[in-house]
Amino acid sequence: MKAAYEFYAGKLPLLVSIPHAGTELTPEVEAGLSDSARPLPDTDWHIPKLYDFVHTLGASVVVGNYSRMVIDLNRPADDKPLYATATTGLYPDTLFDGAPAFQAGKTPSVQQRQWALENVWQPYHQRLQTELERLKAEHGYALLFDAHSIASRIPRLFSGKLPDLNLGTNGGQSCDELIEEHLVACMASQKAFSWVANGRFKGGHITRAYGNPAQGVHAVQLELAQCNYMDEEAPFGWREERAGRLQPLLEQLIRAMLASARQIA
């Protein structure tokens with residue numbers, strides 16, 4: 001079986017986490033997927049490519065290899081809901097739009113899901129923890145940027161069209177307030193993309209579990225509306241011109257996070 005993740009060690013006090021770009025499936029999941037789920041519509045398509053510039057900057061990067069149809073790396077191991085509104089769980093049985101993820105009678109077994117927890121979820125989170133500990137030991141603090149994307153219109157999850165950039169800091173609890181202020185100022189300084197802080201997406205399990213500003217670990221999540229860099233219909237093609245307009249702002253956000261963290265270190 002394929003490794004749970006790809007990891008690239010960097011020199012900055014920053015780890016970029018990309019948990020939902022994976023498309024690898026176990027044989028059981030692949031055989032059981034519904035027609036609606038087979039194209040893997042809930043994937044964070046092309047996010048590693050969109051954030052490719054962080055390698056040049058010197059960030060550490062961890063990218064999950066497995067599809068969230070196998071297990072969702074941004075949900076807690078106990079599968080407690082993160083939002084009071086509609087959502088999907090650790091082992092998604094439905095797609096974001098509410099369609100069944102699996103054919104009748106072909107949902108993965110308890111044993112198959114336990115395998116995914118032990119061999120996909122746990123290794124990914126162990127890498128997050130180990131790398132954040134290394135960065136903090138080396139730099140005195142550590143930053144975690146959890147990178148996501150989602151279709152811009154999903155009526156089951158939110159009304160209307162999602163803002164282009166959706167910053168989540170768990171209501172200000174996952175990072176120092178100066179970091180959030182700098183990120184908000186960066187988004188507010190431009191007019192090309194709409195944005196919101198701690199709106200529908202306040203940060204998933206990764207942001208909430210690892211962000212601990214009192215201990216020098218600052219975490220944020222950025223959920224992007226996919227219409228700004230790709231086609232939102234299968235086969236979910238990359239749009240170079242759109243991505244080229246978005247990437248400079250993403251780099252500004254990363255640099256703003258680094259600069260503000262240095263001020264509070």
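This is a predicted model: local features need pLDDT of at least 70, side-chain atom pairs count only at pLDDT 80 or more; totals for chains, interfaces and linings use all residues.
User: How many disulfides does a search of the whole structure find?
Analyst: A disulfide is a pair of cysteine sulfur atoms within 2.5 Å. The sulfur of Cys186 has its closest cysteine sulfur in Cys175, 14 Å away, which is too far for a bond. For Cys227, the closest cysteine sulfur is that of Cys186, at 19 Å, again too far for a bond. The search of the whole structure finds 0 disulfides.

User: Are helices H5 and H7 roughly parallel or roughly antiparallel to each other?
Analyst: Helices (H or I, at least four residues) and strands (E, at least two) are DSSP runs numbered from the N terminus. The axes, lines fitted to C-alpha atoms over the stretch in contact, with angles running from 0 to 180 degrees between N-to-C directions, come within 8 Å for H5 (residues 177–188) and H7 (residues 240–264) and cross at roughly 150°. Angles under 35 degrees count as roughly parallel, over 145 as roughly antiparallel, 65 to 115 as roughly perpendicular and the rest as oblique. H5 and H7 are therefore roughly antiparallel.

User: Is Thr169 buried or exposed?
Analyst: Thr169 lies in the loop between strand E5 (165–168) and H5. Leaving aside residues up to four places away in sequence, Thr169 touches (heavy atoms within 4.5 Å) Ser174, Cys175, Glu180, Asn198, Lys202 and Val220. Buried means under 20% relative accessible area, exposed over 50% and partly exposed in between, with a 1.4 Å probe and protein chains only. At a relative accessible area of 0%, Thr169 is buried.

User: What is the phi of Asn198?
Analyst: Asn198 is placed in the loop between strand E6 (195–197) and helix H6 (205–210), and is buried, with a relative accessible area of 17%. Most residues other than glycine have a negative phi. Although Asn198 is not a glycine, its phi is positive, at about 55°.

User: Is the peptide bond from Ala234 to Pro235 cis or trans?
Analyst: Pro235 is found in the loop between strand E7 (217–225) and H7. Most peptide bonds are trans. With omega near 10°, the bond from Ala234 to Pro235 is cis.

Note on methods. Residues are numbered from 1 along each chain as its sequence is written. Side-chain values use heavy atoms; hydrogens and water are left out.
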